[in-house]
Amino acid sequence: CQLRGERLVLRFDAGEARLLMPGGERIVLYQLPSASGVRFSNGTLELRGKGTDLQLLGDGTANPLVDCQQ
């Protein structure tokens, strides 16, 4: 995926999503119940959406992830 024009790598595993941020930082988010779509959080960041239409939320800002591929 692209986050603000930079590459972000997402890997989904049982109950978690692993992110490799553009600067090289690795982040693990844990799955939360959701009425529809996916929702993962670590208390600071939240990833949510459906299919490849995802958003990363942090510091009160929602950033769309674009060009996500499976």
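**View 1. The largest pocket of the predicted model.** The largest pocket has a volume of about 320 Å³, where a pocket is an open set of points on a 1 Å grid over the protein atoms alone at which a 1.4 Å probe fits, with protein on both sides within 12 Å along at least five of seven lines. Its lining comprises 15 residues, and Cys1, Leu10, Phe12, Gln69 and Gln70 lie nearest the centre, lining residues being those with an atom within 4 Å of a point. The most is given to this lining by strand 3 (residues 9-13), with four residues. This is a predicted model, in which local features need pLDDT of at least 70 and side-chain atom pairs count only at pLDDT 80 or more, while totals for chains, interfaces and linings use all residues. Residues are numbered from 1 along each chain as its sequence is written, and side-chain values use heavy atoms, with hydrogens and water left out.

**View 2. A salt-bridge network of Asp13, Glu16 and Arg18.** A salt bridge is a side-chain nitrogen of Lys or Arg within 4 Å of a carboxyl oxygen of Asp or Glu, and the structure holds four of them. Arg18 pairs with Asp13, their closest N and O atoms being 3.1 Å apart, and Arg18 also meets Glu16 at 2.8 Å, N to O. Glu16 is buried at 15% relative accessible area, whereas Asp13 is partly exposed at 43% (buried means under 20%, exposed over 50%, partly exposed in between, with a 1.4 Å probe and protein chains only).

**View 3. The salt bridge between Arg39 and Glu46.** Here the closest N and O atoms are 2.7 Å apart; Arg39 is partly exposed at 32% relative accessible area, while Glu46 is buried at 15%.

Key:
Points joined across faces, edges and corners; volume = space filled by probe spheres on them. Helix = DSSP H or I, 4+ residues; strand = E, 2+ residues; numbered from the N terminus.
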